[in-house]
Amino acid sequence: MSLNTETGTQSAQPKVQIAAAQSFLAKQRQLPAWFNLAAVAVALVIGILFNVLIAAEADWIAAGIWSGVIFLVLAAIFGYTIEGRRYGADRVASSLIIGTFILAVIPLISLLYTVLLQGWHRMSDAGYLTATTAGTSIEGTVTGVGHAILGTFIVTGVTALISVPLGVLTAVYLVEYGKGPFAKTITFLVDIMTGIPSIVAGLFAAAMFPLILQLLTGSPEFKTGFSGSIALVVLMTPIVVRNTEEHLRLVPNGLRESAYALGVTKARTITKVVLRTSASGIISGVVIAIARVIGESAPLMITAGTTDIYNMNMFEGQMLTMPVYVYYQYKQGNMENAWGGALLLIIIVLLLNLAARWIAKKFAPKGEA
């Protein structure tokens, strides 16, 4: 009988708590749902008028700043007065977070809109994606970005072929085997490489690769596509190492211990259990790392150089890439080609990021999608 009474009392406690919470919310005064829209409208009007009276002209940036400040003042006054200190502080904090998000998004939207507006006309021209810049000075010659697209794919592809195995194997060693001073030294060097400026990576590749060619062929060449890949390897490898290392550490130790209990070797456990479990994050991280280095220009100016024709030989002759193409077209005053190349590069990076998200969802372990 006492057990039933105690059980009934315990089951009644949640109902009492819910009723108390509902009673508190009913008594709590709150601003109406349309308050934020009304406050934004009032803040915009006052901000514009205030800016016009002070600056005697309509400066939209200054008007936006004044409007944001006025909105925060209105939210604080009405929030603290009507809703109280706790809910008023929550309203002000939420407004600050939303405002900072808007401030971060506006430049991005402006950039994308400008590039799309300026570059779409050139992108839609027939032959732009396949033609080269050869004969730019000849009137009536169709110029394009075809050789830069090919060079970008070749240089970035070779970079990925070198960086991905090197980065993944390094991360596997650090997580599964690395102990002692040697592993700490590798971690320290990876941290340093993560912060290396891109121009330093280009100088390193430009200084090292001619020496290697001198030893192998006896005729060093300063600027080649492979030299550009070496520069990007220096930038991409630490990103792959860090990403892979983090995803390997997320694999529960219980999976490893279960495999060991069944008599599976450590190497087979890593390849069949650990890497398969973290494959989604590793692959998506690799794609993001490729998108990160594909837009580098400073190291490729030094190492890969520029050319006006197609070049598919990475070890002989200069090789043009998309970022370098955009820079030189801007430098030469061919603004339409520069905007078109910038838009194409943004589209490539966007597709790579979408591919990374698709890979992360497609290859995620069952139950995590």
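**Notebook: pockets and helices**

**Entry 1: the second largest pocket.** I started here, and the second largest pocket holds about 210 Å³ of space. For my own reference, a pocket is found on a 1 Å grid over the protein atoms alone: it is an open set of points where a 1.4 Å probe fits, with protein on both sides within 12 Å along at least five of seven lines, and lining residues have an atom within 4 Å of a point. The volume is the space filled by probe spheres set on the points, and grid points are joined across faces, edges and corners.

Two reminders before I go on. This is a predicted model, so I note that local features need pLDDT of at least 70 and side-chain atom pairs count only at pLDDT 80 or more, while totals for chains, interfaces and linings use all residues. Residues are numbered from 1 along each chain as its sequence is written, and side-chain values use heavy atoms, with hydrogens and water left out.

Which residues line the second largest pocket? I got Leu166, Thr170, Ile186, Leu189, Val190, Met193, Ile230, Val233, Val234, Thr237, Pro238 and Val241. Helix H4 (146–177), helix H5 (181–194) and H7 each give two or more residues to this lining. A helix here is a DSSP run of H or I with at least four residues, a strand is a run of E with at least two, and both are numbered from the N terminus. H7 gives the largest share, six residues. By type, the lining has 10 nonpolar residues, two polar and no charged. The sorting goes like this: Ala, Val, Leu, Ile, Met, Phe, Trp, Tyr, Cys and Pro are nonpolar, Asp, Glu, Lys and Arg are charged, and the others, Gly among them, are polar.

Entry 2: Met193 has a relative accessible area of 28%, so it is partly exposed. The cut-offs are under 20% for buried, over 50% for exposed and in between for partly exposed (1.4 Å probe, protein chains only). Pro238 is 45 residues from Met193 along the chain, yet their C-alpha atoms are separated by 6.2 Å.

Next I checked H7 itself (residues 225–249): its 25 residues should span 36 Å at 1.5 Å a residue, and its end C-alpha atoms are 36 Å apart, so the two agree. The expected span is 1.5 Å times one less than the number of residues. Where does H7 bend? It bends by about 30° at Val233, taking the angle between axes fitted to the seven residues ending there and the seven starting there. H7 is largely enclosed by the rest of the structure, because 20 of its 25 residues are buried.

**Entry 3: the largest pocket.** Its volume is about 860 Å³. There are 27 lining residues, and Gly64, Ser67, Gly68, Gly99 and Ile102 are the closest to the centre. H2 and helix H3 (60–123) are the elements that give two or more residues, with H3 giving the largest share at 22. I sorted this lining too: 17 nonpolar, eight polar and two charged.

Entry 4: Val42 lies in helix H2 and is partly exposed, because its relative accessibility is 40%. Val42 and Ser67 are 25 residues apart along the chain, and their C-alpha atoms are separated by 8.4 Å. Leu49 also sits in H2 (residues 35–55). Is Leu49 buried or exposed? At 52% relative accessibility, it counts as exposed. From Leu49 to Ala63 I get 14 residues in sequence and 8.2 Å in space, C-alpha to C-alpha.

Gly119 is in helix H3, and at 0% relative accessibility it counts as buried. Trp339 is 220 residues away from Gly119 along the chain, but the C-alpha atoms are separated by 4.4 Å.

**Entry 5: the whole chain.** I found 13 helices and zero strands. Of the 369 residues, 37% count as buried.

I then looked at the UniProt record, an unreviewed entry, where "transmembrane region" covers several spans, including 60–80 and 338–356. Positions follow the numbering used here, feature names are shortened, and such annotations may be inferred rather than shown by experiment. Residues 60–80 are 100% helix and 0% strand in the model, with end C-alpha atoms 30 Å apart. Residues 338–356 are 100% helix and 0% strand, and their end C-alpha atoms lie 27 Å apart.
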